[in-house]
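Hi,

Here is the structure I promised to pass along. Have a look at it first, and then read on for what turned up.

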Amino acid sequence: MIKDITIGQYIYGTSPLHKLEPWVKIVLTLVYAAVVLMLKAPAAYAVYFAFTAAAVLISTVPVKMLLKGLKPLIWLFAFTSVFNLFLTPGEPLCSFRLGALAVSISRAGIKASVLLALRLTLLVMGTSLLTLTTSPLQLTDGIEKLLKPLAGIKVPAHEIAMMTSIAIRFIPTIGEEADRLMKAQKARGADMESGGIFKRARAMTPILIPLLTSAFRRADELAVAMDARCYGGGKRTRMKVTHAGRRDAAAAAVLAAVSAAALIAGII
């Protein structure tokens, strides 16, 4: 399941989403996430799901890539949905006992659990779409442009952007390394799927130690490679300088219109 993480992966393409200015895509993704967290009514979620589906089709990113990114979070979806199902107050539809605990399910609890699952799905798909259509280098440039106004107070915008993009880039790499280690331990007879939660946690120790060692080794190799290429110091220039244009303005206008429609649909 670890290998199914899609955040940090990039799929080359020439779609309108790929051609958007990186910093514009980052801002639009933040706005998208903020609006998703504000949605409350089923009609509003329907509008945003239709918009997200259209964005996926325009991006030409395989739908299975986005669905694969949801698999590692199934347990989170189930955990949060169950909590909302049983802990949301409202008129009970049914009641039963779990040992000494009286449990009831209300219509409000069912609605809250379903909408929470939809909200998490939209958030994962939106953020995954950002990294799948933006290369690590473009992501670095976008973050740096957003942090550029802070240069006046001595904020190292380029260094922060580089560290952020490297961290995102190595998420799938670390996931693949963890998957290989798990398969190697299972081939040696390790049991990681039976027993309680504490037993499974102890069984993960042979995975975590070599994984941390590998992560530190990769970080050291990357630092040596950057140092050997004289990276750092002085003002850096870019081979390709891009600017926001009509395409970016159109994307912002579409997102604003859809967000307004979704919020209005939730009020009416």
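Let me start with a question: does lysine 145 count as buried, exposed or partly exposed? With a relative accessibility of 28%, lysine 145 counts as partly exposed. Before I go on, please keep in mind that this is a predicted model.

First, the overall picture. The protein chain has 268 residues, and 34% of them count as buried. You will find 10 helices and two strands in it. Reading from the N terminus, the order of elements is α-α-α-α-β-β-α-α-α-α-α-α. If you take the contacts between residues at least 6 apart in sequence, 75% of them join residues at least 24 apart. The chain exposes about 16600 Å², with carbon and sulfur atoms supplying 69% of that area.

Now the charged pairs. Side chains of opposite charge can pair when their charged atoms come close. The structure holds three salt bridges.

Lysine 145 takes part in a salt bridge with glutamate 21, and the closest N and O atoms of the two are 2.7 Å apart. Glutamate 21 sits in the segment before helix 1 (22-38) and lysine 145 in helix 6 (residues 136-147), so this pair ties together parts that are 124 residues apart in sequence. Glutamate 21 is buried, at a relative accessible area of 4%, whereas lysine 145 is partly exposed.

Then there is glutamate 177. Its side chain meets that of arginine 180 in a salt bridge, at 2.6 Å from N to O. Both residues are in helix 7 (residues 157-187), and because they are three residues apart there, about one helical turn separates them. Glutamate 177 is buried, with 14% relative accessible area, while arginine 180 counts as partly exposed at 46%.

Glutamate 177 also forms a salt bridge with arginine 218, where the closest N and O atoms are 3.4 Å apart. This pair links distant parts of the chain: arginine 218 belongs to helix 9 (residues 205-228) and glutamate 177 to helix 7, 41 residues apart. Arginine 218 counts as partly exposed, its relative accessibility being 24%. Through shared partners, the salt bridges join Glu177, Arg180 and Arg218 into one network.

Leaving out residues up to four places away in sequence, serine 15 touches Ile58, Ser59 and Thr60. A polar atom of the serine 15 side chain lies 3.3 Å from the backbone oxygen of serine 59.

Last, the surface. Which residues make the nonpolar patch of about 490 Å²? They are Phe79, Val82, Phe83, Phe86 and Leu87. Leucine 87 lies in helix 4 (residues 74-87). With a relative accessible area of 62%, leucine 87 is over the 50% cut-off and so counts as exposed.

Cheers

Note on methods
Residues numbered from 1 in each chain as written. Predicted model: local features only at pLDDT ≥ 70, side-chain atom pairs only at ≥ 80, totals over all residues. Heavy atoms only, no water. Patch = residues over 30% accessible without salt bridge, like charges linked within 9 Å, V, L, I, M, F, W, Y side chains within 5 Å. Areas by Shrake-Rupley, 256 points an atom, 1.4 Å probe, with all protein chains shown as cover. Salt bridge = Lys/Arg side-chain N within 4 Å of Asp/Glu carboxyl O. Helix = DSSP H or I, 4+ residues; strand = E, 2+ residues; numbered from the N terminus. Buried < 20%, exposed > 50% of the residue type's maximum accessible area, 1.4 Å probe, protein only. Contact = heavy atoms within 4.5 Å. Polar contact = N/O pair within 3.5 Å; in protein donor to acceptor, adjacent residues only side chain to side chain.
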